[in-house]
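Trainee: Could you help me learn to read a protein model? I would like to start with sheets and rings.
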Amino acid sequence: AWTSYEGGIYSIWFDSYIAAGISLDDISLSTLLLSPNPSNGIATLSYAVEREGNVKISLHDVTGRMVKGLLNENKKAGRYSVNLNNKDLSSGVYFVHMETPGGVYTRKMTVVK
């Protein structure tokens with residue numbers, strides 16, 4: 001079951017089974033930022049890693065199917081960014097999903113052509 005949390009200009013979608021027992025107040029909205037959004041070319045995904053460990057970032061369509069694997073590597077705690085080329089994607093809504101040792105985060109991305 002997916003649950004949505006709206007916070008200002010950001011939306012977080014998370015699996016409520018995984019997030020059970022986590023207060024929405026504990027979620028840092030600055031952990032995963034996407035700009036520009038909507039995008040029609042290259043978007044920059046800025047993210048923070050709270051604890052060293054494996055970080056996985058992937059792009060999914062609205063059905064939950066993974067469209068692209070963007071990152072799967074060990075990262076030290078800190079702030080990072082990665083460019084997301086969406087020129088080959090159809091117009092529509094996608095979700096950037098990130099798994100870190102500190103939590104699971106998702107951002108909605110709109111692609112316009």
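Predicted model: local features only at pLDDT ≥ 70, side-chain atom pairs only at ≥ 80, totals over all residues.

Trainee: In what order do the four strands form the open sheet?
Mentor: Strands of a sheet pair through backbone hydrogen bonds, either parallel or antiparallel. Strands here are DSSP runs (E, at least two residues), numbered from the N terminus, and two of them pair if DSSP finds at least two bridges between them. The order is β6-β5-β8-β9, with antiparallel pairing. Because β6 (66-75) and β9 (103-111) each have a single partner strand, one side of each lacks a neighbour in the sheet. Further in, β5 (residues 53-61) and β8 (residues 92-100) pair over six bridges, and serine 58 has histidine 97 in β8 as its bridge partner.

Trainee: Is histidine 97 buried or exposed?
Mentor: Buried means under 20% relative accessible area, exposed over 50%, and partly exposed in between (1.4 Å probe, protein chains only). Histidine 97 has 14% relative accessibility, so it counts as buried.

Trainee: How many aromatic pairs are there?
Mentor: A pair of aromatic rings is described by the distance of the centres and the angle of the planes. Rings of Phe, Tyr and Trp (its six-membered ring) pair if their centres lie within 6.5 Å; planes under 30 degrees apart count as stacked, over 60 as edge-to-face and the rest as tilted. The count is one: tyrosine 47 and tyrosine 80 are stacked, with centres 5.6 Å apart and planes at 25°.

Conventions:
Residues numbered from 1 in each chain as written. Heavy atoms only, no water.
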